[in-house]
Amino acid sequence: KLGGSGGVFKAIRLMPRIMMFAFWQQFYAYFSGDPFNAYVNSNISCPRPKPPCPVGSHWIGPDSFKNASTIPASFNELDAPISHEGICMPNDRFDDAWSLSAKCMEKDVVLGKTTRINGLNGWIAAFFGLFAVFVAGQLIDTTGRRPVLIAFLSSNIVVKALLFVSCFVPYNVFVVFLFLQNVIEVAFAAGVEPALNSMIADRSRGNEDIRGDGFAALGVIMHLSDVLAFLAGYPVLRLHLTDYSIFWGPLTLVSIIAYIVFNFVPCSALSETLPQSDPELAEEDETDDEEPAGSKVKQCFSILCSETIAGFKMVWADPFLMQFLVIWAITTMAMTGSWNLSTQYLLGLGYEQANASLARPAWHLALVCGAAMSPCVIRHLNATGAYNLALLMMAVGFFWCGSGGHDLQHASLFFWVGTVVFGGIGVGILTPSFNAVISIRVSDKEQGKLFSLVIVLNTICGLAFGQFWPQLFYKPEAADWMKGLPWIASAMVFLLLFIWISLLVSFCNNAAQKPESDCGEDSSTDEDAAE
């Protein structure tokens, strides 16, 4: 309902420091994403394979060792005694068939171990992220917006320093460092986007005509930084590093510089936007003076539990909404389960790791296209119809990609057209359609509670079933249809959810909690239609 007054560019001019921070944190997070996966690959170790040599290595016959001029430069007789069968030697790291690790010559082993580590890492992060979101929300409204963002900058220094140190430790300690830095990053990053949204709302207080432009500008800035970050990471991947200390070391210094820039430099330092004269804030401040720190923590978790229970009670009273939230949680789990394996899948198809990383910026562009198409689709099909169309697009696209396991000659084409184009545009339509469906089911005062519950359900569903994709469905050594099993499994889930929604809409007779909606459909008045 906020019309805007000058567009995205005016919002950026009015809030330059907020937008600059948003661009930086999003760019920095995604820039190190693909190199992080490559770093995990590079630390996987395994015994030297025996002939026949697997993907990632090549065979050297025994005759090659009879003449000193034909002995490979990387050969070490102590590491690999000469055998009458010959031995397996690693492919060059700039070869497309490189195993991705100087410590392991079997590419399938490297991809399998990395996938399982990243899957478990994501599972642990989701568990802590569930609590971090609510804790961050309380801190944003009491301590302020700026401290949450500065704490995030501080955590960046610790995270990058841990990754730098992990380059010099044994494998078991390396894995512990991976999990530790991920928990720290998730815990401190949980409050960044809510804090930025709150800052925009604060800056537009009394000027609500620019609030819509401010949120639109934030979305444009973050999507743009995503794409640029992935492209900036491409040259790093092209180096095929085997020692990532030369990457994490400089990034640690960059994190320190960013902390100084946004904290102390006058022209770029973040300023607090939380109104100090807010009566609710003053009342909370008085309470804070009386209560010890331990009571604040207990109060925070008490609010978390009470709000979650209240949200479940609210949803339980509306069967349509309850089922739709479950459908959304399952949809998100099935989508992310397959998409998070995309880089590993392309690497398994023989892609060079830098080229495989291009799937991510292409995916984000497809999301933008889908989001741009969603208003028109929703107007013509209504919100539930648009959601079902998105599910069908995702089912067709993901199944098409999964069938590439049976047709390896065209598997790459099936991935780009099926997953990235059809699936990405479908997901771009899916999110606004979902928001449109659920937002009309509750009153305006309960919107925050509703969307918080969405986060809770997504996390619970991911914790319960999300590991099926990286731990069970994905096998890098699989052949034929089993190679595309993660995508086929997701497609089947999307198809079942499509049927579920169709039945739900057809047989739903319960009234929504808001009088202007019924069964997820918008029942606007004539006056609204005229407007």
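## What counts as a cavity here

A cavity is a set of grid points where a 1.4 Å probe fits but cannot get out, and its lining residues are those with an atom within 4 Å of a point. With that in hand, let's look inside this predicted model. The structure contains 3 cavities with a volume of 30 Å³ or more.

## The largest cavity

How much space lies in the largest cavity? The volume comes to about 70 Å³. Around the largest cavity you will find D34, N37, A38 and N41, together with L237, T343, L347, Q353 and S357. Two elements, α3 (33–42) and α13 (342–348), each give two or more residues to this lining. Of these, α3 supplies the largest share, with 4 residues.

Next comes the second largest cavity, with a volume of about 50 Å³. The residues lining the second largest cavity are L111, Q344, Y345, G348, Y474, K475, P476 and K483. Here the largest share comes from α13, which provides 3 residues. Sorted by class, this lining has 4 nonpolar, 2 polar and 2 charged residues.

If you are colouring the structure by element, α13 is a handy place to begin. The helix α13 (342–348) gives two or more residues to the lining of the largest cavity, and α13 also contributes 3 residues to the lining of the second largest cavity.

How values were computed
Residues numbered from 1 in each chain as written. Predicted model: local features only at pLDDT ≥ 70, side-chain atom pairs only at ≥ 80, totals over all residues. Heavy atoms only, no water. 1 Å grid on protein atoms, 1.4 Å probe; cavity = no way out; pocket = protein on both sides within 12 Å on 5 of 7 lines; lining within 4 Å. Points joined across faces, edges and corners; volume = space filled by probe spheres on them. Nonpolar A, V, L, I, M, F, W, Y, C, P; charged D, E, K, R; others polar.
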